[in-house]
Amino acid sequence: MATATRPPVFAIALLSASVLAYEVLLTRLFSIVLWHHFAYMIISAALLGYGASGTALTLLKEKLEPRFARVYLTAALGLAILMPATFLLAQQVPFNPLELLWDKTQLPKLFAVYLLMMLPFFCGGLGIGLVLSRFGKEAGRIYAFDILGAGIGSLGAIGLLFLLPLHQVLSALAALALLAASVAVIELEMQPRWLLEAFLGLVVLAALALPAAWLQVHPSVYKDLSQTLNIVGMRVAEERSSPLGKITVVESARIPFRHAPGMSLNATSEPPPQLGVFVDGDGPVALTRFDGQLAPLSYLGDLTSALPFHVLERPRVLVLGAGTGNDVLQSLYHGATAIDAVELDPNMIALVQKRFHDFAGGLYSRPDVHVHAAEARAFVNTSRERYDLIQVALLDSFGTASAGLYGLSESYLYTVEAFQSYLGSLNRGGMLAVTRWLSLPPRDSLKLFATAVRALEQSGVANPGARLAMIRGWKTVTLLVKNSDFTATEIAAIKAFSRTRSFDLAYYPGMRADEANRYNLLERPELFEGAMALLGPGSEDFIARYKFYIEPATDDRPYFFRFFKWSAAAELFSLRGQGGMPLLDWSYPLLVATLAQAVGASVLLILAPLALSRCRRTLPPWPAAVYFLAIGLAFMFMEIAFIQKFILFLSHPLYAVAVVLCAFLMFAALGSWLSGRRQGVGEKGGWVHRAVLIIAAVAMLYLAILPALFQALIHLPDAAKIAISVGLIAPLAVCMGIPFPTGMTRLSRTAQDSIPWAWAINGFASVVGAVLATLLAIHLGFAVVILLAVLMYSLASAAFRGFSRT
């Protein structure tokens, strides 16, 4: 093999692109395999891989550098193999989050998944770090190609997910890593000549010849789709995939679907033939056969969600989250004059409008139905239309909701600000109707009621109780929020509707306690009691004392499905032997467990190897340790908070992960380059202190203006919103890219031997910070996480003065 004289910068760009694209892809894969995108855990695992590779390079530098070319090719080859292999192995780990709280073997299984996820990033970090170590004098040029590749990879992953099935995207990324090795052979002028041909052959093999069956993505066996396909006669009729979700349509000639959430036990009709539709393995929702005749849809009048149609006459309706069109059918059955149906995923619309056009009776092509491919909040904020009824569809499955599987999911449909937007789009006397699954003791329903109360109060309504009504069936709860007081006639209609169908009244203005809990009997009328408490003067005390977390969700803390409270955890956990585990929201303990494993893994793989080597004698001065710890935590806090905050603006978690990662990486690299050109200023500390001041100023400005800015611009096309997002992040990221290289430059002049520890401490902080930021956001909100990041940057600025004088 030839001796390398120039860095393989194009190979580095390709390698970095494959690594970042894989990081984005994992968020989609885990949405399907488990129940959440797990962006925080994936970012933490990626950083753990990079940190561990840095430690390995530090300890093995003398052995690796003489074999530079071979090690680089091995790292690229390892990345190509491990990207599909570790994901496939992770699917074989029998990890079930639902058993986390009572099965002691689940924590080691979670740790195994975490470590498997880390391995490809270890190889990617090893290859990039090896080039930086070998060609240190050209670090700026190498870093530029590294970040350019990362930016292209993170955004390119979105494009690939639109064009290819998931297993083919995985193959494409493996081929890209092998192409990085092929290009390195050319750039490093490596011998023998057949080496290039061999790697190019592997590129073709990975891209075209890998059997699809090897790379199939299998949902958890506990997911709704997996359970459904276990039933004899069930088969997949259609599959569509995009960054927004993998849609699976299931049919059976033997066992019919009967999807009618919360249908009255008094009902005498049944649904027409239906197909089951699952998104990322969750569901089902039903695609109902419709031939244009309304009579077969009579069952839709016996759902709790039909309530508003018995209070309003021939309303103009807006359906948010239209999906397969069941709420649209319900509106048609009840004589709606016009219907606007909003659905985020164009694939879902295409299934109803084209693939199953005849089965659905051309529902989305009717002249009185107008379908919009848009995000719900964006549509409401920008539409000039006013409606008599806004329906928020029941989108999730009962099993998923009742198990607490969405506790870590950001949902901007059910926040105080969302309710205010909906109410602002109603005609005088119009209503917002929201239907949720009934969970006992009440959680979703009381949190929904509390959110409506808070939204009305913040809109200046003196008596919110006069504008609210709620009923419950045996399975669902429907809440009505009116933009004026309910009249006596409307209350009579609510009572008559409920009495006829044996639905229980939960609340209406002036309701007596003895009117509750008459049909679907509970030990106590808990919904009525809770509603009265939330409307009373002691509402805040009631929320604080309640066993579940029912504080209204906001755009700053959009975790509507978070119900876990530490104060009740011990009591609920003690009931596990009596079937009480469904009372516990498993997703929050999973986050805590992930934080613990992030700490343990980063100590084990990043800090401990240095502590056990000769490096233990070269610990950095304590101000330097504080500095690198603080900037590591601060950077991750800011990045994670912005990913979560931009989900509302960019409409989907995957878009937010890709765009925010890309912007932070590219502009932080620019900041690092600028700091290198201003080393004289940086060594005196002025460059760091100025950067921290700008970070603080921009962060405070964004906290003040971003909510209004997002609301004003959320209607723009995706391309425009991506460009705006990058532009907003740019000034912050440039300044955030300055402290690390400036600190390293200073440390190289004062304590050269301590540099490995600085890398390790910063890597440890980054791994832990990715998970810790999510935990803090759930408790305190994104704004507080950003403020904490500013405080840590300020601490770093003060610490820099200390070790600058060392």
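How many disulfides does the structure hold? The structure holds 0 disulfides. This is a predicted model, and the views below show selected sites in it.

**View 1. Cysteines without a disulfide partner.** With 0 disulfides in the structure, Cys662 is in no disulfide. Its nearest cysteine sulfur belongs to Cys735 and is 18 Å away. A disulfide needs the two sulfur atoms within 2.5 Å. Cys662 is also buried, and its relative accessible area is 4%. Cys123 is buried too, at 11% relative accessibility. Both values fall under the 20% cut-off, so Cys662 and Cys123 count as buried.

**View 2. Gly671 in helix α21.** Helix α21 spans residues 653-677, and Gly671 sits in it. How much relative accessible area does Gly671 have? The value is 0%, so Gly671 is buried. Leaving aside residues up to four places away in sequence, Gly671 touches Val734, Gly737 and Ile738. Ala730 is 59 residues from Gly671 along the chain.

View 3. Strand β3 covers residues 274-279, and strand β4 covers residues 282-288. In which sense do β3 and β4 pair? They pair in the antiparallel sense, over 5 bridges. Gly276 stands opposite Ala286 in β4. The two strands form a hairpin with 2 residues between them. Asp280 lies in the turn and has a positive phi of about 55°. Strand β4 is mostly covered, with 5 of its 7 residues buried.

**View 4. Asn483 in a loop.** Asn483 is found in the loop between β11 and α15. Strand β11 runs over 476-482, and helix α15 over 488-501. Is Asn483 buried or exposed? Its relative accessibility is 14%, so Asn483 counts as buried. A polar atom of the Asn483 side chain lies 2.9 Å from the backbone nitrogen of Gly429. Gly429 is also one of the residues that Asn483 touches, when residues up to four places away in sequence are not counted. Among the others are Leu423, Leu426, Asn427, Arg428 and Gly430. Arg467 is touched by Asn483 as well.

Definitions and conventions. Residues numbered from 1 in each chain as written. Predicted model: local features only at pLDDT ≥ 70, side-chain atom pairs only at ≥ 80, totals over all residues. Heavy atoms only, no water. Helix = DSSP H or I, 4+ residues; strand = E, 2+ residues; numbered from the N terminus. Buried < 20%, exposed > 50% of the residue type's maximum accessible area, 1.4 Å probe, protein only. Contact = heavy atoms within 4.5 Å. Pairing = 2+ DSSP bridges. Polar contact = N/O pair within 3.5 Å; in protein donor to acceptor, adjacent residues only side chain to side chain.
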